[in-house]
Amino acid sequence: MPLLVLGSIALDTVKTPLEEHTDLLGGSASYASVAASFFSPVKLVGIVGDDFPQENIEFFRKHHVDLEGLQIVPGKTFRWSGEYLWDMNQRETRSVELNVFENFSPELPESYRSARMVLLGNIAPALQNHVLDQLIRPHFVIADTMDLWINIAKVELLRLIARVDMLILNEGEARELTGETSLIKAGRRIREMGPSFVAIKKGEHGCLLFGENQFFSCPAYPLEDIHDPTGAGDCFAGGLAGYLASTHLSAENLAEKKHIPFNTLRQAVVQGSVLASFNVESFSMERLRTVTSGEIAERFEVFRDLSRFEAI
């Protein structure tokens, strides 16, 4: 089942305490699409300028990403620059140049409008709602968000949350959105806003998944060296959504969200965590260029072992 992915496509400059790289392929849609492509075909919705490197176009195509929904317009591609501090958990944005992204108004090709599985990547909630308005009875919609939209577009964000089946956000955003300090209370409060499922990312401490009277805690993969955390959350969302699309859930089950097996969602969370763990091992998506299906399967088993224990 193809996965429709909406989000930003950017050229990034990333500085860490040890290295700095420029003109890297970035953006929420880029990371999510490539991560999802390891499990399912992808239909990408985004915008770039005519300065966007052709090698990035070929990289998407190599991963079987359908680019009919990619707008290439005169002007410069969205650019972002950021710097990570020593612990790699704190990041400072050095510059943002919206360029052609500033006037982005996504219009879906006819072949995209009947998409069943949808990932609305981290982008302004008004644009997420705009794409959702164009879809014909999507069966399962996942949305990612960030603290910026909670601060400047909360009304539009709440309207979106009420329309989606699953919301992904990090622990700080969950607390900010709900006013709850307890993540357990925050997850339940967000479910009351509309989504059947909520995934709260905890960075190096894993992820929490909430369903109806159901709960799952996924650990993080133990990495000794993290080279670039940029896009890890987007890879998590893309891997999760791509895996769900690959399970070929029946239209009947998708239409009745409560009938989607929670175990399938748990596995999707783990697969998303697997892709995110590979992504941070190198700058941009360089590690995803070389990772194999065998490596993904092997790391998935490691995650399964991390979640088990034997009674004393």
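Analyst: A search of the whole structure, which is a predicted model, finds zero disulfides, a disulfide being counted where two cysteine sulfur atoms lie within 2.5 Å. Cys207 is in no disulfide, and the nearest cysteine sulfur, 6.4 Å away, is that of Cys218; Cys218 in turn has the sulfur of Cys207 as its nearest, likewise without a disulfide. Cys207 is buried at 2% relative accessibility, and Cys218 is buried at 1%, where buried means under 20% relative accessible area, exposed over 50% and partly exposed in between, with a 1.4 Å probe and protein chains only.

Turning to the rings, the structure holds six aromatic pairs, a pair being rings of Phe, Tyr or Trp (its six-membered ring) with centres within 6.5 Å, stacked if the planes are under 30 degrees apart, edge-to-face if over 60 and tilted otherwise. The rings of Phe39 and Tyr243 are edge-to-face, because their planes stand at 85°, with centres 5.9 Å apart. Tyr243 is buried, at a relative accessible area of 14%. Phe78, Phe101 and Phe104 form one aromatic cluster.

Charged groups also meet rings: the charged end of Arg289 sits over the ring of Phe59, 3.9 Å from its centre, and that of Arg299 sits over the ring of Phe278, 3.9 Å from its centre. Such a contact requires NZ of Lys or CZ of Arg within 6 Å of the ring centre and within 35 degrees of the ring normal.

Residues are numbered from 1 along each chain as its sequence is written, and side-chain values use heavy atoms, leaving out hydrogens and water. In this predicted model, local features need pLDDT of at least 70 and side-chain atom pairs count only at pLDDT 80 or more, while totals for chains, interfaces and linings use all residues.
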